[in-house]
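Subject: Structure handover

Dear colleague,

Here is the structure I promised to pass on to you. Please open it first, and then read the notes below alongside it.

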Amino acid sequence: MTRARIVIRRPGVADRSVWLSEGPTYVLGKMAGVDVCVPDEAQLSRRHAALRLTAGTLRVSRLPEAEGTLLRDGAAAESFDLPPGGSFMVGYSRFVFEVEG
């Protein structure tokens with residue numbers, strides 16, 4: 001069975017992981033109760049992006065209510081597919097997609 005996670009990397013803060021399963025859509029934001037919560041990232045909206053794992057690829061989509069941007073390879077993007085090892089940024093936070101197994 002393949003296991004996938006999003007690793008949250010921020011300067012001066014220990015890395016944190018959130019495990020993902022195929023099927024559900026996960027919400028990334030700074031509001032309590034979202035699936036991937038980073039409450040102290042100033043550039044992150046309360047509900048910023050939707051994450052969906054399908055066939056070993058992570059689909060990342062900026063939500064309409066998001067005020068900040070998603071940076072993929074240094075450029076703003078509305079939505080994109082991340083392969084294992086791929087990453088994106090919001091503010092000072094880097095989100096790295098990893099697959100094990």
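The structure holds two aromatic pairs, a term used when the ring centres of Phe, Tyr or Trp (its six-membered ring) lie within 6.5 Å, with planes under 30 degrees apart called stacked, over 60 edge-to-face and the rest tilted. Phe 80 and Phe 88 make an edge-to-face pair, with 5.7 Å from centre to centre and 65 degrees between the planes, while Phe 88 and Phe 95 are stacked, at 5.1 Å centre to centre and 20 degrees between the planes. These ring pairs link Phe 80, Phe 88 and Phe 95 into a cluster. Both Phe 80 and Phe 88 are buried, where buried means under 20% relative accessible area, exposed over 50% and partly exposed in between (1.4 Å probe, protein chains only). For Phe 88 the relative accessible area is 1%, and for Phe 95, also buried, it is 0%.

Before going further, please note that this is a predicted model, in which local features need pLDDT of at least 70 and side-chain atom pairs count only at pLDDT 80 or more, whereas totals for chains, interfaces and linings use all residues. Residues are numbered from 1 along each chain as its sequence is written, and side-chain values use heavy atoms, with hydrogens and water left out.

As for the fold, the protein chain has zero helices and eleven strands; these are DSSP runs numbered from the N terminus, helices being H or I of at least four residues and strands E of at least two. The radius of gyration, taken over C-alpha atoms, is 12 Å, close to the 13 Å that the globule rule (2.2 Å times the number of residues to the power 0.38) gives for 101 residues, so the chain is as compact as a globular protein of that length. Of the 101 residues, 42% count as buried.

Strand E1 (residues 3-10) deserves a separate look, with six of its eight residues buried. E1 runs antiparallel to strand E11 (residues 93-100), joined to it by seven bridges, and also pairs in the antiparallel sense with strand E2 (residues 13-20) over six bridges; strands count as paired if DSSP finds at least two bridges between them. Arg 3 stands opposite Glu 100 in E11, and Arg 10 opposite Val 13 in E2. In the hairpin of E1 and E2, which has two residues between the strands, Gly 12 takes a positive phi near 75 degrees.

With kind regards
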